[in-house]
Amino acid sequence: MSDDPTDVRAFFATRAAGWDGRFPDDGPAYAAAVAELGLRPGDAVLDAGCGTGRALPPLRTAVGPSGTVIGADLTPEMLAEAVRAGRSGPPVGGALLLTDVGRLPLRDGGLDAVFGAGLVSHLADPVTDLRELARVVRPGGRLALFHPIGRAALAARHGRRITPDDLRAEPRLRAVLAEAGWRLVSYVDEDARFLALAVRED
């Protein structure tokens, strides 16, 4: 699939209605990844490319009633599914924004963290888009790039092989994050999950 925003939107629009049903057992993996983000009560967090909002409830639990949770996605149909699933707004989920994560209508440094599930491979310009995520996070804030299965398992699902130039390969991802203002601090790529954690540089 192309990483052009128009193509990404079209791809997910036609799959939104049945998306959660395709992956019914991912909930615990999302919750575990959110836990590793190290959120505290009162924090402000963005779920970038939130899709149907599967991460929004655990994010809300982590930041509590005094925290802020925002879900951003460029596909209206995916956000509609998040609403239908009861994942929008407090006390369960977060506020939903229809927007490209590369052009966020958010102020500089206003967030403590960003969570991105399945996000990186769909970014039109990874360095520019990850730099935009860095812009809206305070220095020392955190980024989690997550997928409920690892690179090899995902490639096999799509009939492909992983290659060293894959954006999620550790050396390439580390370099891209560094160019965008993030420092990679943890990297896990196992069959059961992919999770890269980074810190916003000063």
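Guide: What follows goes from the ring pairs to the helix.

This is a predicted model: local features need pLDDT of at least 70, side-chain atom pairs count only at pLDDT 80 or more, and totals for chains, interfaces and linings use all residues. Residues are numbered from 1 along each chain as its sequence is written, and side-chain values use heavy atoms, without hydrogens or water.

Start with the rings. Two rings of Phe, Tyr or Trp (its six-membered ring) pair if their centres lie within 6.5 Å; planes under 30 degrees apart are stacked, over 60 edge-to-face, and the rest tilted. By this rule there are 4 aromatic pairs. One of them is Phe-115 with Phe-146, a tilted pair at 5.8 Å centre to centre, with 35° between the planes. The pair joins distant parts of the chain: Phe-115 sits in strand 4 (residues 111-117), Phe-146 in strand 5 (residues 137-147), and 31 residues separate them. Strands here are DSSP runs of E, at least two residues long; helices are runs of H or I, at least four; both are numbered from the N terminus.

How exposed are these rings' residues? Buried means under 20% relative accessible area, exposed over 50%, and partly exposed in between (1.4 Å probe, protein chains only). Phe-115 is buried, at 0%. Phe-146 is buried too, at 3%.

Another pair is Tyr-187 with Phe-194. Their ring centres are 5.4 Å apart and their planes stand at 90°, so this pair is edge-to-face. Tyr-187 is partly exposed, with a relative accessible area of 24%. Phe-194 is buried, at 2%. Phe-194 also has a charge over its face: Arg-168, 4.6 Å from the ring centre. That label needs NZ of Lys or CZ of Arg within 6 Å of the ring centre and within 35 degrees of the ring normal.

Back to the Phe-115 pair. Ring pairs tie Tyr-30, Phe-115 and Phe-146 into a cluster.

Now the helix. Helix 6 (residues 126-135) has 7 of its 10 residues buried, so the rest of the structure largely encloses this helix. The buried ones are Pro-126, Val-127, Asp-129, Leu-130, Glu-132, Leu-133 and Ala-134. Their cover includes strand 4 and strand 5, along with strand 1 (44-48), helix 8 (170-179), strand 6 (182-190) and strand 7 (193-200). Cover is judged by contact, meaning heavy atoms within 4.5 Å.
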